[in-house]
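Have it open while you read, and check me as you go.

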Amino acid sequence: MSLLFSKTNLGPLALQNRLVMAPLTRNRATGNIPNELMAQYYEQRATAGLIISEGTSPSPNGLGYPRIPGVFSDAQVAGWKRVTAAVHAQGAKMFLQLMHCGRIAHPLNLPAGARVLGPSALTAAGEMYTDAEGMKPHALPQAMTESDIKATMEEYVGAAKNAMAAGFDGIELHGANGYLLEQFIRPNSNQRTDGYGGPIENRARFVLEVADAVIEAVGKDKVGIRLSPFGVFNDMPAYPAMEADYTYLAQQLNARGLAYIHLVDHSPMGAPPVPDSIKAMFRSVFKGALILSGGYDAVRAESDLAAGKCDLIAAGRPFLANPDLVARWKAGAAVNAPDFSTFYTPGPKGYTDYPALV
Ligand SMILES: Cc1cc2nc3c(=O)[nH]c(=O)nc-3n(C[C@H](O)[C@H](O)[C@H](O)COP(=O)(O)O)c2cc1C
């Protein structure tokens with residue numbers, strides 16, 4: 001009588017179970033183009049109800065990291081078509097996560113002519129990997145002008161339409177983990193003095209305008225968003241108005257009728273705890289589907305679903321290391337441990353070679 005393994009609907013989409021593969025950047029997209037190896041990796045995991053792709057850039061400016069895919073060229077759309085066809089053949093649905101890295105970037109990771117952008121010209125603390133020169137400090141972003149903001153919004157719209165052309169069932173806006181959309185939401189990275197900075201109504205403007213624009217382009221049933229209230233990853237420190245700000249966001253997103261909100265909790269990875277009260281706030285304010293993630297195993301997933309805390313459960317590292325996670329969790333079988341050393345390295349090792357149960 002498991003809820004986790006029973007069928008459900010996400011808006012008009014029928015899901016074969018309530019287990020979601022969380023978005024996982026794996027840096028196998030050489031040349032920023034999805035390839036056959038990636039199709040194989042996702043196909044192996046397509047017994048999930050829903051797969052959310054790795055963070056995928058809507059534009060050259062958003063590429064940030066080495067070897068992450070985009071969805072702005074014909075070759076990228078063609079590559080993704082192979083992925084969605086392979087996934088659909090196994091019964092899973094698939095959303096594309098649109099991740100514009102903004103200031104979490106280095107020019108060495110960007111194609112010629114691309115720019116590191118952010119709401120304000122403020123460098124994020126910390127370093128990132130580049131293929132050319134190893135670890136480098138994050139770049140100083142250019143503060144986006146109004147025309148940059150318009151152009152970036154159009155890039156999201158073009159990317160959402162491309163995602164549909166590539167066969168995805170929807171898109172997830174990456175509004176979490178310190179990337180561009182969260183850079184606008186948070187006061188430490190957004191110190192603008194125009195209509196996109198200052199009070200939360202202004203700091204939320206960009207993400208809400210992007211949401212409106214992609215909804216207009218592809219329909220609200222095909223748009224979800226990932227948020228990380230109380231998340232500190234990528235130099236996003238806590239601040240006093242956090243809960244009030246995210247309550248405003250929950251209300252605004254609810255008014256737009258998105259398919260789902262997907263909350264991040266990285267406390268199982270050593271980040272500060274995300275208060276239960278904020279998850280409960282999202283549950284009561286937002287009437288669409290709620291996805292919770294972070295440190296789940298089958299028992300905790302079943303228990304949170306049964307308690308009505310959410311509609312779907314997303315798992316990241318367990319899916320990374322177990323292509324047949326659904327079968328293993330169903331059977332109560334042992335799981336493979338993830339190998340951190342191959343999370344972001346090119347090639348099949350630590351990617352498509354995790355063993356399945358025989
Ligand atoms: C290798 C790796 C890559 C990740 N890439 C992304 C990403 O592209 N987008 C995103 O929203 N979260 C990303 N995350 C976070 C995961 O989606 C998830 O929130 C996190 O792993 C916690 O869930 P877990 O305990 O089930 O692994 C990544 C995590 C890992 C370990």
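1. Ground rules. This is a predicted model, so I kept to its conventions: local features need pLDDT of at least 70, side-chain atom pairs count only at pLDDT 80 or more, and totals for chains, interfaces and linings use all residues. Residues are numbered from 1 along each chain as its sequence is written, and side-chain values use heavy atoms, with hydrogens and water left out. Helices (H or I, at least four residues) and strands (E, at least two) are DSSP runs, numbered from the N terminus.

2. Helix 3, length. Helix 3 covers residues 146-165, which is 20 residues. At 1.5 Å a residue the span should be 28 Å, and the end C-alpha atoms are 29 Å apart, so the two agree. The expected span here is 1.5 Å times one less than the number of residues. Just after the helix, G167 takes a positive phi of about 95°.

3. Helix 3, burial. Which residues of helix 3 are buried? They are D148, I149, T152, M153, Y156, V157, A159, A160 and A163, where buried means under 20% relative accessible area, exposed over 50%, and partly exposed in between (1.4 Å probe, protein chains only). For background, an α-helix has 3.6 residues a turn, so residues three or four places apart point the same way. The cover over these buried residues includes strand 5 (93-98), strand 6 (117-118), strand 9 (142-143) and strand 10 (170-175). Helix 4 (180-185) and helix 6 (205-218) are also among what covers them.

4. Helix 1 with helix 2. Helix 1 (residues 36-44) and helix 2 (residues 74-89) pack at about 20°, with axes 8 Å apart. Axes are lines fitted to C-alpha atoms, for helices over the stretch in contact, and angles run from 0 to 180 degrees between N-to-C directions. The two helices are therefore roughly parallel (under 35 degrees; over 145 is roughly antiparallel, 65 to 115 roughly perpendicular and the rest oblique). Their crossing is right-handed, meaning that the near helix is turned clockwise from the far one by less than a right angle, with anticlockwise being left-handed. On the helix 1 side, E36, M38, A39, Y42 and E43 meet W80, R82, V83, A86 and V87 of helix 2 (contact means heavy atoms within 4.5 Å). By class, that contact has seven nonpolar, no polar and three charged residues. Ala, Val, Leu, Ile, Met, Phe, Trp, Tyr, Cys and Pro count as nonpolar, Asp, Glu, Lys and Arg as charged, and the others, Gly among them, as polar.

5. Helix 7 with helix 8. Helix 7 (residues 242-256) packs on helix 8 (residues 276-285) at about 20°, and the axes are 9 Å apart. That makes helix 7 roughly parallel to helix 8, and the crossing is right-handed. E243, Y246, T247, A250, Q251 and N254 in helix 7 meet S277, I278, M281, F282 and V285 in helix 8. The contact divides into six nonpolar, four polar and one charged residue.

6. Helix 6 with helix 7. Here the angle is about 15° and the axes are 11 Å apart, which makes helix 6 roughly parallel to helix 7. The crossing is right-handed. V207, L208, D212 and I215 of helix 6 meet Y248, L249, Q252, L253 and R256 of helix 7. Sorted by class, this contact has six nonpolar, one polar and two charged residues.

7. E216. Buried or exposed? E216 sits in helix 6 and counts as exposed, because its relative accessibility is 71%. E216 and V116 lie 100 residues apart along the chain, and their C-alpha atoms are separated by 27 Å.

8. Two asparagines to look at. N27 is not a glycine, yet has a positive phi of about 55°. N27 belongs to the loop between strand 3 (19-21) and helix 1, and is buried at a relative accessible area of 4%. N177, also not a glycine, has a positive phi of about 60°. N177 lies in the loop between strand 10 and helix 4 and counts as buried at 9%.

9. G316. This glycine is in the loop between strand 14 (312-315) and helix 10 (317-321), buried with a relative accessible area of 16%. G316 and A22 are 294 residues apart in sequence but 4.7 Å apart in space, C-alpha to C-alpha. Not counting residues up to four places away in sequence, G316 touches A22 and L24.
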